[in-house]
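This report is meant for someone meeting the structure for the first time. Please look through the sequence and the model before reading on.

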Amino acid sequence: MTTHDQDTAALAAETSEGVQEMAPRSATESAELLLEQGAVLRLPEGVTVDPGDFNVEVNPDETMIINMGPQHPSTHGVLRLMMELDGETVLRTKPVIGYLHTGMEKTGEELTYLQGGTNVTRMDYLAPLHNELVFSLAVEALLALEVPERATWIRMLMSELNRLSSHVLWMATNGMDLGAVSMMVYGWRERELVLSFFEKATGLRMNHNYIRPGGVAADLPPGWEDDVLAICDAFPPRLAEYDDLLTGQPIFRERTEGVGVLMPQEAIALSASGPILRSTGVEWDLRRDMPYMFYDQVDFDVIVGTYGDCFDRYAVRLNEMRESIRIIHQVVERMPRGDYRSQDKKVTPPPRARIDESMEALIHHFKLFTEGFKVPEGEVYTAVESPRGELGCYLVSDGSAKPYRLHIRGPSFANLQTLPIMLRGGLVADAVAVISSVDPIMGEVDR
Amino acid sequence: MALAGAVLALGDPLFSKGVDGGVLLIVVGKAVATLALLLASVVLMIWFERKIISDMQNRVGPNRAGPWGILQTLADAFKLFTKEDLLPERADRRIFRLAPYLSVVPAFLAFSIVPVGGFVTIAHHRTQLQLADPPVGILFLLAVSSIAVYGIMLAGWSSGSKYPLLGSVRASAQMVSYEAALGLSVAAVVLITGSLSTRDIVIDQHGHLAGFLPNWNVLRLGFIPFVIFLIAGTAELNRPPFDLVEAEQELVGGYFTEYSSMRFGLFYLAEFMNTITMSAVNVTLFFGGPDGPWFHSVRWLGGIVWFLAKTVVFLFSYVWLRATLPRFRYDQLMDLGWKRLIPLSLGWLLVLAAMIVSRPWGFSVVAGGLLFVALLARAVMVGRSATDELAPGPVGEAG
């Protein structure tokens with residue numbers, strides 16, 4: 001151990017994140033080493049492994065531990081990867097997280113159920129409506145509250161639009177990570193179409209707090225059908241352009257095909273979900289397999305890949321956008337008339353006009369927004385298919401107006417665990433492609 | 001050929017009557033003018049690149065400094081000058097300071113052998129519009145571009161940091177291996193011209209081929225050396241899609257990650273100077289330099305206009321490549337260089353040499369025929385693989 005290594009070790013030990021850092025091989029336990037190499041997926045506690053069984057001939061003087069992130073340009077926010085490199089070949093990887101930890105789950109316990117939406121919407125900032133949706137579904141399940149049909153269809157419309165905007169942004173960042181810089185701007189351009197509709201409908205481009213327990217915050221704006229259909233018409237030709245720019249591009253194919261391969265068993269064992277899982281060929285989409293809202297009434301295909309490599313993950317997302325457009329078309333056709341939020345006075349505040357006329361309405365409104373509504377004791381887990389996979393919300397209520405415990409199962413968090421396996425044996429350039437193909441949103445990972 | 005040979009032997013007529021004060025003054029003037037021209041074109045090129053790429057990406061691009069943002073580069077350069085010059089603690093100080101100059105000086109030197117126009121007469125001295133015309137012109141070019149590798153390699157190595165180190169390892173491997181392909185495609189030009197001087201190469205391309213086509217090397221050599229030169233040149237420049245050396249998404253900034261202020265500016269300057277030089281050399285070697293098919297006898301200005309026009313076409317193509325293509329991976333880059341470009345250029349060089357030896361006057365027709373067959377074969381191959389790719393269903397089947 002050189003003096004520099006000792007200094008580093010001493011510094012690392014002083015910080016709470018020190019234990020998360022990758023240590024030289026000599027200072028790493030064998031079980032940990034195997035995990036970092038992607039040689040094992042999980043080790044039950046208490047199981048010891050003889051490192052000799054898996055020992056790779058590595059001369060520690062010839063390898064280099066490199067720190068990618070949290071300020072690296074292509075780690076999508078503040079993901080930090082520590083990698084041991086032999087030349088440019090990745091020998092082992094360790095994702096280090098926690099740089100965007102804001103304590104949102106804990107904050108959720110201090111906010112009423114009505115305020116909760118403003119909190120969860122900031123977790124996965126590229127799919128805020130899915131976060132609001134899963135939280136609202138959980139609260140409604142505890143309340144045993146029936147949501148009007150129109151509200152549910154609006155929720156489906158918005159969540160599919162959100163899937164479009166999220167995937168298209170992924171296309172952008174994926175292109176950029178592979179060096180196709182124009183793709184980035186095109187992706188942002190298409191996302192703008194969706195965001196301007198969101199702005200029109202919800203008042204904000206992100207962090208909408210639009211889907212709330214009991215329904216949605218406001219009815220769709222007049223002329224929404226034309227806006228939505230315009231998006232649906234604009235997207236397919238643009239997706240065909242992406243095909244031209246990337247799908248058929250030999251360099252892009254070479255950079256993504258066979259890179260970061262994940263087997264279906266590995267994906268399942270690591271609880272990967274969403275496009276990562278589907279790219280391996282496992283047909284698992286909560287919208288079809290555990291239908292929520294009215295997804296069982298619309299017609300769409302679950303897109304799966306074959307090889308579980310970066311290209312499959314790209315293709316799955318690209319085609320999922322086409323499926324989302326299919327769903328949106330059906331939603332527009334079937335959108336019923338009626339209430340956009342529940343008429344249950346316990347949950348829904350009185351309409352704005354009533355407040356001017358009636359003292360009771362004013363008091364009711366005031367109470368609802370200061371104290372909130374009480375939710376019966378109990379616990380519930382709801383899950384929706386967010387653009388990144390299974391987004392779950394575990395909610396415990398003690399009968400008060402605030403959650404006793406709020407836990408969000410962020411798909412990015414689980415998906416990040418696949419990194420050591422997918423990066424094993426790849427090059428640094430592959431690492432960038434793989435990180436990008438996982439589509440981690442750090443706000444959701446750290447919460 | 002015999003007549004051409006007589007012209008070739010002359011060199012720059014400036015020195016034919018001995019060297020006096022006037023001649024010296026002209027040489028110094030030309031050197032200053034070349035540097036000024038190169039710096040001005042770098043300023044314009046950076047602006048041009050940013051504007052074109054903005055157009056391709058639905059953006060506005062620089063539009064604040066000067067009309068159409070044309071002064072943006074000057075503003076950036078001024079900003080760079082005023083920045084703090086950081087020296088990393090673990091850097092090898094002397095080499096760290098030296099490296100930018102190793103990069104920028106060869107970039108300037110390389111341009112000196114490029115003929116930008118025909119002949120002019122300044123104060124009764126007839127001279128060519130070219131800073132230097134050494135008899136070993138092309139070898140000189142290859143030599144200084146090899147020195148530029150040291151600039152990049154040493155910059156990364158002396159930074160004392162991991163990402164620049166990876167960048168410099170990539171740089172040395174990439175630039176050395178692509179120099180082989182580059183040199184072999186240049187050898188084809190030298191083979192047909194019989195001279196290493198750039199002026200001779202340009203003069204040799206005057207006239208017409210088969211009556212109406214320009215007698216340019218790109219046609220005479222059957223495209224392949226030109227294509228190889230274009231690809232290898234792009235790799236030599238570290239421009240996309242071969243910009244692994246500075247791949248921002250992978251290596252943060254590559255070899256110049258630790259550089260700041262004007263030292264970084266020098267690398268930036270060198271990169272764009274090299275881009276311009278490479279385009280100019282491409283024009284010189286394969287597109288007749290200042291030679292224009294309908295224009296070459298008008299005036300000396302005509303040559304410069306043609307030269308600039310052709311160069312801009314190549315500069316545009318570099319920008320276009322950058323806007324379109326993803327980046328190669330390190331091993332794929334090496335595969336392309338060693339397994340495809342070098343064998344191809346070597347093979348083509350042998351074919352050319354055989355034809356020159358056997359049929360000194362008619363080989364371009366044969367080369368054209370061979371090219372046609374090769375292109376046809378390639379077109380069939382591409383067509384097949386394209387239909388395979390377009391067929392529905394390898395990915396994304398419905399579940």
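## Terms and numbering

Two residues are in contact if their C-beta atoms, placed from the backbone, lie within 7 Å. Helices (H or I, at least four residues) and strands (E, at least two) are DSSP runs, numbered from the N terminus. The model is a predicted one, in which local features need pLDDT of at least 70 and side-chain atom pairs count only at pLDDT 80 or more, while totals for chains, interfaces and linings use all residues. Residues are numbered from 1 along each chain as its sequence is written, and chains are lettered from A and ligands numbered from 1 in the order in which they are written.

## A sheet in chain A and the helix across it

In chain A, the strands β7, β8 and β9 form an open sheet in that order, with antiparallel pairing; two strands count as paired if DSSP finds at least two bridges between them. Because β7 (378-386) and β9 (403-409) of chain A each have a single partner strand, they stand at the edges, and one side of each is left without a neighbour in the sheet. From one strand to the next, the twist averages 15°.

Strand β8 (residues 389-397) of chain A is joined to β9(A) by six bridges, and Val396(A) stands opposite Arg405(A) in β9(A). Helix α6 (residues 128-143) of chain A lies across β7 and β8 of chain A and runs at about 150° to β7(A), where axes are lines fitted to C-alpha atoms, for helices over the stretch in contact, and angles run from 0 to 180 degrees between N-to-C directions.

## Domains of chain A

The domain assignment of chain A, whose bounds come from an automatic or database source, gives domain 1 (3-96) and domain 2 (113-346). The contact between them takes four residues from domain 1 of chain A and five residues from domain 2 of chain A, and the C-alpha centres of these two domains lie 35 Å apart.

## The largest nonpolar core

A nonpolar core is a set of buried Ala, Val, Leu, Ile, Met, Phe, Trp, Tyr and Cys residues joined through C-beta atoms within 7 Å. A residue is buried if 20 or more other C-beta atoms lie within 10 Å of its own, exposed if 12 or fewer, and partly exposed in between, with C-beta atoms placed from the backbone. The largest nonpolar core has 206 residues, of which Val134(A), Leu157(A), Val434(A), Ala232(B) and Met273(B) touch the most other members. Helix α11 (residues 261-286) of chain B gives the most to this core, with 15 residues. Domain 1 (3-96) and domain 2 (113-346) of chain A both give residues to this core, so it lies between them.

Leaving aside residues up to four places away in sequence, Val434(A) touches several residues, among them Val259(A), Cys310(A), Leu419(A) and Met422(A).

## Chain B as a whole

Chain B has 14 helices and five strands, and 45% of its 399 residues count as buried. Among the contacts in chain B with a separation of 6 or more, 77% are between residues 24 or more positions apart.

## Backbone details in loops

The peptide bond from Pro240(B) to Pro241(B) is cis, with omega near 0°, and Pro241(B) is found in the loop between α9 (224-237) and α10 (248-251) of chain B.

In chain A, Asn207(A) has a phi near 50°, a positive value in a residue other than glycine, and lies in the loop between α8 (181-202) and β4 (211-212). Asn207(A) counts as partly exposed because 17 C-beta neighbours lie inside 10 Å.
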